[in-house]
Amino acid sequence: MKRVIKKVAVLGSGVMGSRIACHFAGVGLQVLLLDIVPKDLPADAKPAERNKIVNDALQAAIKSNPSPVYTKDVLKRITTGNFDDNMKDIASCDWVIEVVVERLDIKKSVYEKVEQFRKPGTLITSNTSGIPINMLSEGRSEDFKKNFCGTHFFNPPRYLRLLEIIPTKNTDPAVVDFLMHYGDLYLGKTTVLAKDTPAFIANRIGVFGIMSIFNSMQKLGLTIDEVDALTGPVIGRPKSATFRTADVVGIDTLVNVAKGVAQNCPDDEAKDIFAIPAWLEKMVENKWLGDKTGQGFFKKTKGAGGDKEILVLNLDTLEYEARKKPKFATVETAKPIEDLKTRLKALVAGTDKAGEFFRHFHYALFSYISFRIPEISDELYRVDDAMQAGFGWEIGAFESWDVLGVAKTTEAMKAAGYKVAPWVDEMIAAGNKSFFKVENGKRYSYDVATKTYKLIPGGESFIILDNYKDKIVWKNSNAALYDIGDDVVGLKWNTKMNSIGSEVLEAVNKSIGIAEEKFKGLVIANDGANFSAGANVGMIFMFAIEQEYDELDMAIRMFQNTMMRTRYSSVPVVVAPHGLTLGGGCEMNLHADKVFAAAETYIGLVELGVGLIPGGGGTKEFVLRAGDEMHEDEPETITLKNRFLTIATAKVATSGLEAYDLGILRKGHDVVVMNQGRRIAEAKAAILEMHEQGYITPVQRKDVKVLGRSALGALYAGINGMWRANYATDHDALVARKLAYVMCGGDLSEQSLVSEQYLLDLEREAFLSLCGERKTLERIQGVLKTGKPVRN
């Protein structure tokens with residue numbers, strides 16, 4: 001049957017249920033969110049009283065940080081109700097997902113009601129994380145069983161991309177195929193097919209990793225702060241590392257999963273690792289469960305001066321104490337290494353206590369994952385997909401083993417007393433040196449059953465530029481241009497936070513030139529956590545502090561010219577951003593023929609945060625768009641004022657969809673891609689379509705409407721009012737006036753039509769003048785010291 005999902009029912013409005021409902025609404029679906037009726041209500045209770053539990057839960061979700069929604073208007077798509085009054089309404093739903101408490105009897109009672117009202121063929125899935133999926137469908141009708149499956153989202157479902165699909169023995173294979181595809185394409189998930197084994201894939205491996213760390217830290221005498229310093233970004237894991245992650249997830253949840261594996265996996269060779277240490281049992285007994293109870297491994301308090309202070313638990317005394325910043329020679333040596341794979345090798349080779357920890361940490365993990373194939377998955381690439389998407393690892397476990405050298409590491413593991421599954425020895429003996437390999441831009445994974453390498457499915461929809469290292473067309477020390485097939489090239493760069501400096505600008509110009517000469521078009525995209533945190537402010541600071549204004553003027557001209565070349569090249573240039581896309585990174589998107597932005601794109605012009613205005617064409621582009629958007633039925637200054645405020649307040653869109661509202665992405669033209677991994681392939685397809693339709697180079701605009709003095713006076717008045725009310729400092733007001741001057745086209749006596757170059761010149765002059773301001777230099781210096789990007 002052909003399935004079309006228009007409306008989804010979410011049964012259960014707890015932390016997961018309410019956020020899953022928000023995510024479904026966020027992708028454009030109508031959602032019915034139901035929960036129980038509060039106890040002891042009078043018979044004549046009003047609907048608001050009967051729906052109090054579900055409504056309170058939804059409001060709590062909306063107010064939570066990070067936000068579970070892409071934009072606030074998605075709430076219009078969520079209807080709330082209760083199981084008693086509104087279960088009948090699921091008859092109009094195409095998918096029913098159960099997210100009630102983790103008790104088999106309660107789940108089965110909910111299914112009993114669902115059977116009464118769901119229409120035949122409707123998808124029915126469970127978000128359980130611990131109950132065997134096959135047990136849940138026992139006693140249900142044949143149609144229910146055929147359309148029933150596990151769909152395990154990870155919290156928070158908007159941000160963690162993993163969706164584990166767990167079929168039962170009765171699930172129709174077509175249902176599994178549909179969920180795998182729908183979760184990927186429409187929900188933006190990395191869909192991973194998992195077997196119905198305890199904790200499925202990600203939690204099985206992830207909780208083993210945490211329990212193994214508990215074991216290692218006691219042997220090596222490490223503290224909580226030391227372990228979190230060793231298991232966070234330095235090895236490509238989230239900032240929350242190990243213990244902060246446990247506090248966020250809930251220590252009781254961690255203990256329940258560990259106990260579940262220990263009890264239900266008698267043949268697990270590492271089941272002793274899942275034994276709960278006495279100190280962890282004591283924490284659960286004390287209800288020190290993490291964020292949900294206000295304290296866990298960490299505890300927020302107020303210090304002597306009333307300032308907030310975070311204390312850390314001493315596992316020997318079970319008392320909270322002040323945090324200490326750990327220092328390890330191995331980490332200090334490896335930290336400056338930008339490339340994660342190179343850094344991992346340096347960390348594991350360390351000769352101090354940290355190096356010893358890294359070796360035991362990886363050896364235990366590698367041993368464990370080898371024995372989980374084929375128990376939890378027949379394909380080893382699914383394990384890496386699950387850990388990257390569900391736990392935020394930058395690099396998967398099997399890929400990490402590849403990086404460190406499979407044969408060499410296996411030998412070292414055995415010498416240290418760690419075993420590997422027999423199939424690993426067989427793979428090495430047969431001369432296969434890695435679990436993954438790349439050929440012609442396509443990624444292959446070793447298949448244990450056939451002892452051959454198999455193409456990882458779906459590769460044509462997921463272009464990873466690093467997979468094209470044998471197809472480099474041109475490169476410099478910071479960037480590379482790849483031939484990604486079908487006469488299309490892709491540019492990426494690798495700088496700190498993917499900032500844009502002279503070498504990146506050189507790469508953009510060179511790439512456009514090569515594309516114009518030999519290819520159909522250019523995709524600009526980056527791998528890693530972010531597209532770009534903006535221009536290299538260190539270079540700006542250096543020129544300004546040394547008063548090298550000619551050099552600075554030249555640098556700004558080069559940036560502006562590069563953005564204009566992006567707009568006016570003779571081949572289509574499409575940009576595919578994700579993550580932080582700030583300042584100059586945003587300006588590059590503003591000048592693209594088309595943008596394919598990941599849903600999780602945080603984009604904005606943030607230059608006013610350091611006392612500057614957008615100087616790479618961003619201010620010019622906002623003026624151009626404001627002029628095109630002005631309508632006769634509203635004052636022209638309103639459109640300009642809105643654009644001015646977006647820059648003046650350094651607003652950053654909290655999602656790709658919100659970027660439409662800020663006017664950064666163009667509605668009906670630029671595209672938000674739910675699955676981040678698909679954006680480059682979709683950008684490439686757009687280039688081919690533009691080429692086939694006969695791409696024509698745009699003509700530089702000389703008809704940009706600017707409002708001159710009439711609008712400038714209004715903006716100056718507003719700025720002065722903010723300054724007088726102490727909402728803006730003297731310096732803030734100065735920068736805002738410079739911005740207003742540029743956006744009004746200067747001190748023109750009347751409304752005029754000007755060229756893009758005229759606005760670029762105004763923009764550059766204002767930028768240069770602000771670089772000489774002491775307050776601006778102080779703000780830039782602050783950014784350089786913290787290493788954090790400018791945000792509003």
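The model described here is predicted. Cysteine 22 is also classed as buried, because its relative accessibility is 0%. Cysteine 586 likewise takes part in no disulfide, the nearest cysteine sulfur being that of cysteine 771 at a distance of 19 Å. With a relative accessibility of 0%, cysteine 586 is counted as buried. A disulfide requires two cysteine sulfur atoms within 2.5 Å, and by this rule the count of disulfides in the model is zero.

The strand arrangement was examined next. Seven strands make up an open sheet, in which the order is E15-E16-E17-E18-E19-E21-E23 and the pairing is mixed. The edges of the sheet are formed by strand E15, spanning residues 472-475, and strand E23, spanning residues 671-673, each of which pairs on one side only. On average, and with direction ignored, neighbouring strands of this sheet are turned by 20 degrees against each other.

Strand E21, which comprises residues 594-598, pairs with E23 in the parallel sense, and three bridges connect the two strands. Within this pairing, alanine 597 has valine 672 of E23 as its bridge partner.

Terms used: Residues are numbered from 1 along each chain as its sequence is written. This is a predicted model: local features need pLDDT of at least 70, side-chain atom pairs count only at pLDDT 80 or more; totals for chains, interfaces and linings use all residues. Side-chain values use heavy atoms; hydrogens and water are left out. Two strands pair if DSSP finds at least two bridges between them. Helices (H or I, at least four residues) and strands (E, at least two) are DSSP runs, numbered from the N terminus. Axes are lines fitted to C-alpha atoms, for helices over the stretch in contact, and angles run from 0 to 180 degrees between N-to-C directions. Buried means under 20% relative accessible area, exposed over 50%, partly exposed in between (1.4 Å probe, protein chains only).
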